Amino acid sequence: MTWWNPFKKTEDQQQPAAPGQKAVGTTTAAPPDLPQELADSPLTKGMMAKFYRMWKNPAFLNQLRTLSAHMAKDGVDIKDMAAVKAWLEKNKDAIEAGKFKELPPEAAKQETFVKTGPDVGRNDPCPCGSGKKYKKCCGAKS
């Protein structure tokens, strides 16, 4: 059994290219979901490399979450790239000034449900005072 070595060159990578032709095996593969006009752009490759370096940074991820929460609050569909770009252009000065450091305040937080009545088991006496078991009295109604 042989192991795959990422540093070992294969035979097709070792062949020199003829003048005017691209060398075999030396093409850089762009992510498949990028459009062709962006796949060959050095600016896009640089931005993607920077994003992949930063994606494990908790501060960067928190900033992304904060911006997406502000976009959602303003009614921007995050899956629509044109709407996201328009929102970013509109709020460019505010982003650079650092106004989006914290999550937007939510409308109203839900309060924790607190039980007011006693916990009644099926075989406990019914709290209505009839003397029957709960399962035969008020528990049968619900």
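**Exercise 1. Classify Trp-87 in this predicted model: buried or exposed?**

Solution. Trp-87 has a relative accessibility of 3%. Buried means under 20%. Trp-87 therefore counts as buried.

**Exercise 2. Find the aromatic pairing and name its geometry.**

Solution.
- Step 1: the count of aromatic pairs comes to one.
- Step 2: Trp-87 and Phe-100 form the pair, with ring centres 5.4 Å apart. The cut-off for pairing is within 6.5 Å.
- Step 3: the ring planes stand at 45°. Stacked needs under 30 degrees and edge-to-face over 60, so this pair is tilted.
- Step 4: locate the partners. Trp-87 sits in helix 5 (residues 81-90), and Phe-100 in the loop between helix 6 and helix 7. The two are 13 residues apart, and the pair links distant parts of the chain.
- Step 5: check the cover on Phe-100. Its relative accessible area is 17%, so Phe-100 is buried.

**Exercise 3. Search the whole structure for salt bridges.**

Solution.
- Step 1: the search returns one.
- Step 2: the partners are the side chains of Lys-115 and Asp-119, at 3.1 Å from N to O. The limit is within 4 Å.
- Step 3: assign exposure. Lys-115 and Asp-119 are both exposed.

**Exercise 4. Which residues form the positive surface patch, and where does Arg-122 lie?**

Solution.
- Step 1: the members are Arg-122, Lys-133, Lys-135 and Lys-136.
- Step 2: Arg-122 belongs to the loop that runs between helix 6 (92-97) and helix 7 (138-141).
- Step 3: its relative accessibility is 58%. Exposed means over 50%, so Arg-122 counts as exposed.

Terms used:
Residues numbered from 1 in each chain as written. Predicted model: local features only at pLDDT ≥ 70, side-chain atom pairs only at ≥ 80, totals over all residues. Heavy atoms only, no water. Patch = residues over 30% accessible without salt bridge, like charges linked within 9 Å, V, L, I, M, F, W, Y side chains within 5 Å. Areas by Shrake-Rupley, 256 points an atom, 1.4 Å probe, with all protein chains shown as cover. Lys, Arg positive; Asp, Glu negative; His and termini not counted. Charge placed at Lys NZ, Arg CZ, Asp CG, Glu CD. Helix = DSSP H or I, 4+ residues; strand = E, 2+ residues; numbered from the N terminus. Buried < 20%, exposed > 50% of the residue type's maximum accessible area, 1.4 Å probe, protein only. Phe/Tyr/Trp six-rings, centres within 6.5 Å; stacked < 30°, edge-to-face > 60°.
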